[in-house]
Amino acid sequence: MDTIEDINWGSLPFGYFRTDYNVRCTYRDGQWGELEVTDSEYISIHMAATGLHYGQEAFEGLKAYRGADGKVRLFRWQENARRMRMSASGIMMAIPPEELFFEAIDKAVRMNARFIPPYGTGSSLYIRPLLFGSGAQVGVKPAKEYMLVVFVTPVGPYFKEGFNPVKVQLVRDYDRAAPLGTGHIKVGGNYAASLRAAERAHAEGYASVLFLDAKEKKFIDEAGPANFFGIREMSYITPKSCTILPSVTNKSIEVIAADLGLKVERRPVPVEELETFEEAGACGTAAIISPFKSIFDRELKKEYYYGETAGVWSTKLYNTLRAIQYGEIEDKFGWTTILEGI
Ligand SMILES: *Cc1c(COP(=O)(O)O)cnc(C)c1O
């Protein structure tokens, strides 16, 4: 599958597919330069760049959706812009202003408009902004130069199961982030730390890992790339922890849940509570809502079972979120931005 003609929009994987252009901007001598557009997939950077050595790197992920009315919408991009500023600040990188962030994603989407999946296919255009220290440094200190890159790629659901429930594995022998570390910001290092556990889970037949709080191993933290939620007796329950990445999707689902009449609880969630949930799942831009069929506690050899099909509330939340993103229902929370003229 190499050219756009070969794309089966309805069965796209969540992966990289080459598009026409990407957008870049360099921070140098204390200021951001002009946006540059290129058709090269490669970046030429100094071998001593801090992004390569000391993990000065952060990224974002959001999507552009072709709606029922033919219009292209972004979902809460301001939240991604804000989070990228938090990530940048958290690891001492130059901070991209909101206007620059928007200009870069807007340009990347427009210039690759032919790759926005048609409405009705369930696919969307994934937007990946990344920011890294490009300046050379050998002593451990922040770089003086940074690069912001935005590329886009058409995607289907993150888990190949789509909205069908997945099996996940709860682990105690790995952590993805340390308390007072970088779990709350979207830096690549958190992902590097999660890879061993994730690959082992895949090899053992699970779609994802569920991590516990690193300090006490008593509370649910999050799934590798997505936040956790459980539903019980009309309550939407999601963990509160300083090592969880604040998910825009989760934050939005909390609002939708409250609007649909659920009570919303964000608090520490003890592992034992898994037993009491009627529904459980993961949420994020890539995962959207992925219901859990079961959670297997790898160490205690204990399985929590939720069902072969998605629960009623997970389904309602999923449908409502998607309907807002694809412009099928009124955007009463003001979350979407229409990109005019594409
Ligand atoms: C990006 C990410 C999420 C999901 O956040 P969204 O804003 O909903 O896309 C959840 N957990 C981790 C660790 C992430 O990096």
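Helix H2 is followed by Met92, whose phi is positive, near 60°. The model is predicted: local features need pLDDT of at least 70, side-chain atom pairs count only at pLDDT 80 or more, and totals for chains, interfaces and linings use all residues. Residues are numbered from 1 along each chain as its sequence is written, and side-chain values use heavy atoms, with hydrogens and water left out.

Along the principal axes, the C-alpha atoms fill a box of roughly 55 × 50 × 35 Å.

Of the 342 residues, 54% count as buried. Buried means under 20% relative accessible area, exposed over 50%, and partly exposed in between, with a 1.4 Å probe and protein chains only. Among contacts with a separation of 6 or more, 71% come from residues 24 or more positions apart, a contact being heavy atoms within 4.5 Å. The accessible surface is about 15,200 Å², and 52% of this belongs to carbon and sulfur atoms; areas come from the Shrake-Rupley method with a 1.4 Å probe. The mean positions of the 40 positive and 44 negative charges are 3 Å apart. Lys and Arg count as positive and Asp and Glu as negative, without His and the chain ends; the charges are placed at NZ of Lys, CZ of Arg, CG of Asp or CD of Glu.

Back to H2. This helix covers residues 77–90, and its 14 residues reach 20 Å from first C-alpha to last, close to the 20 Å expected at 1.5 Å a residue, where the expected span is 1.5 Å times one less than the number of residues. Its buried residues include Trp77, Arg83 and Met84.

Most residues other than glycine have a negative phi. Met92, not a glycine, has a positive phi of about 60°. Met92 sits in the loop between H2 and helix H3 (98–111) and is exposed, at 56% relative accessibility. Lys301 also has a positive phi, near 55°, and is a residue other than glycine. The loop between strand E16 (288–297) and strand E17 (302–305) holds Lys301, which is exposed with a relative accessible area of 61%.

Key. Helix = DSSP H or I, 4+ residues; strand = E, 2+ residues; numbered from the N terminus.
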